[in-house]
Amino acid sequence: MGLIPYKNEPYLDWSDEANVEAMRSALQDVGSSLGESYPLVIGGKRIETDGEIVSVNPANPSQVVGRVAAASEREADMALDKATATFETWSRTAPEARARILLRASAIIKRRRFELLAWAAHEGGKTWAEADAEVAEAVDFMEYYSREMLRLKDGVEIYSVPGEESRYFYQPMGVGVTIAPWNFPVAILMGMTSAAVVTGNTVVMKPSEFTSVIGAKVMEIFEEAGAPEGVVNFVPGYGSEIGDYLVQDARTRFISFTGSMKTGLRINELAARQIENQRWVKRVIAEMGGKDAMIIDDSADLDAAAADIVASAYGYSGQKCSAASRAILHADVHDDVLEKVIEKAKALKIGAPTEGGPDVNVGPVISEPQFEKVTNYIDVGKNEGETLLGGDPGDPSEGYFVPPTLFEVDSTATVAQEEIFGPVLSIIQARDFEDALHIANDNPYGLTGGVYSRNRDHLELARHEFRAGNVYFNRKITGALVGVQPFGGFGMSGTDSKAGGPDYLPLHMLAKTVVERF
Ligand code: NAP
């Protein structure tokens, strides 16, 4: 297939008035389609259910974004059946044909870009720039994974002994269950699902309950792109009601999960148990939480460091697995960096992305349970250390807004150890660089990390010893680019699957060796 070389989708320029106008008009259009109902889609058929998920705008919880049918075990069973039957044909479909579905999905996302941004603002509470980065990432996944499948379709080179031919190639696995979080409801749901589909598997796709309307839009895109009926089955529902069922079923071949450590570990445990009629060891691809640290040493560019700490900590209200939630500052620069961080964080504009413009930097947190969780951690932080900024969430009935909050704490404090997943940053002072690295590594997670330094020895030490899957030097630690910064964590952050990287697609396939003697 003659494709142009892969490149990342550029972000929109919000200083261009035409983009601002297009976004306002999309917000209006989407605003007039709020409250609609969305069914399940199993084998191409629309299925209504008794259960319902009512999805709301986190900046205005009285505004219903949509009503989505919630699957029970009955519908989960139907979806697994359909996916199992469809695997027989889809797994034999040419890789090029499968790749073309992703390329068409990419084109559709680009055509529907502003509409998707508007849904992300309404249902995800995303600022315009955050929504745009996510939708661009979804395009990147489609473009990258389609090319990756073409690279891998004939297998990879191995050696042969004289008189024999050894071939090493990949085959589809079976039915995959993709389970996504709410924080990247377009990019992660589409990324996980498209990787499974392009490699020849069929999928039962479960979005987060909090972003099920966007899940329905993702399903529309797969259908419009020409995924045959039954290849992707849209099964929204409550994880607590259908999650275990989908994971444990004997028809499930693999589970591709992104979400919290707690859920990921549960899935890993349940998937490991063999049940009646199960004929394989289930594979679990699990990307989980983080407690990501940025180290600023005494040689760093302090202005740039402070700006990137603020961007990494408070972008999308800290609700990124890659978000900086610990800033570890060398004692000699501690006061200077802190002053700059506070100044920059104070300048952030908080507001409803659906109401404000491109200048809103911080929107709400996603939901009432998340608001309560973050608020509880803020109470803990107030007792554990000094509150340097924020700390006073508003009235949740008027939107789940939590202001950027900053604590100075000891490295062992709860707020410096546990994932909060909100706009809460812990400042920790370190004696020297070795101490800072020790503090950064002294945590069960290991997703992203950053070092700001001009000291070559420090950077080389961190290159090898910083225990995280994605380590960034002298820049922000969020916004990993597909194909450029393959993403996945060490430790309790998951199975290090490196989404958007060269090792990702083979996780969804069986590698086969065939040897013929002549
Ligand atoms: P979560 O509560 O673990 O939920 C993730 C998904 O799992 C949701 O679809 C959820 O459904 C489902 N689920 C819940 N219980 C389940 C069960 N027993 N079996 C199967 N599925 C079940 O996580 P979240 O709050 O949505 O997302 C935030 C977390 O994701 C954070 O920890 C963040 O760090 C992590 N994350 C990691 C990455 C990464 O690449 N490492 C990227 C993004 C986010 P319901 O929505 O119905 O509960």
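# Charges and contacts: worked exercises

D13, D16, E17 and E21 gather in a patch of negative charge on the surface. The model behind these exercises is predicted.

**Exercise 1.** Find which helix holds E21, and decide whether E21 is buried, partly exposed or exposed.

*Solution.* 
- Step 1: E21 lies in helix α1, residues 17–31.
- Step 2: Recall the cut-offs. Buried means under 20% relative accessible area, exposed means over 50%, and partly exposed falls in between.
- Step 3: Apply them. E21 has 45% relative accessibility, so E21 counts as partly exposed.

**Exercise 2.** State how many salt bridges the whole structure holds. Then examine the one between E134 and K126.

*Solution.* 
- Step 1: A search of the whole structure finds 30 salt bridges.
- Step 2: Side chains of opposite charge can pair when their charged atoms come close.
- Step 3: Check the distance. The closest N and O atoms of E134 and K126 are 2.8 Å apart.
- Step 4: Check the cover. E134 is buried because its relative accessibility is 0%. K126 is buried too, at 2%.

**Exercise 3.** Take the salt bridge between R517 and E164. Work out which strands it links, and classify each partner.

*Solution.* 
- Step 1: The side chains of R517 and E164 meet at 2.6 Å, N to O.
- Step 2: The pair links distant parts of the chain, 353 residues apart. R517 is in strand β21 (residues 509–517), and E164 is in strand β6 (residues 164–172).
- Step 3: R517 has a relative accessible area of 66%, so R517 is exposed. E164 has 17% relative accessibility, so E164 counts as buried.

**Exercise 4.** Explain why R463 and E460 are separated by about one helical turn, and classify both residues.

*Solution.* 
- Step 1: The side chains of R463 and E460 meet in a salt bridge of 3.1 Å, N to O.
- Step 2: Both residues lie in helix α15 (residues 456–465). They are three residues apart there, so about one helical turn separates them.
- Step 3: R463, at 47% relative accessible area, is partly exposed. E460, at 30%, is partly exposed as well.

**Exercise 5.** Which residues are linked with R112 in a network of salt bridges?

*Solution.* The network links R112 with E115, K217, E220 and E224.

Key: Residues numbered from 1 in each chain as written. Predicted model: local features only at pLDDT ≥ 70, side-chain atom pairs only at ≥ 80, totals over all residues. Heavy atoms only, no water. Patch = residues over 30% accessible without salt bridge, like charges linked within 9 Å, V, L, I, M, F, W, Y side chains within 5 Å. Areas by Shrake-Rupley, 256 points an atom, 1.4 Å probe, with all protein chains shown as cover. Salt bridge = Lys/Arg side-chain N within 4 Å of Asp/Glu carboxyl O. Lys, Arg positive; Asp, Glu negative; His and termini not counted. Charge placed at Lys NZ, Arg CZ, Asp CG, Glu CD. Helix = DSSP H or I, 4+ residues; strand = E, 2+ residues; numbered from the N terminus. Buried < 20%, exposed > 50% of the residue type's maximum accessible area, 1.4 Å probe, protein only.
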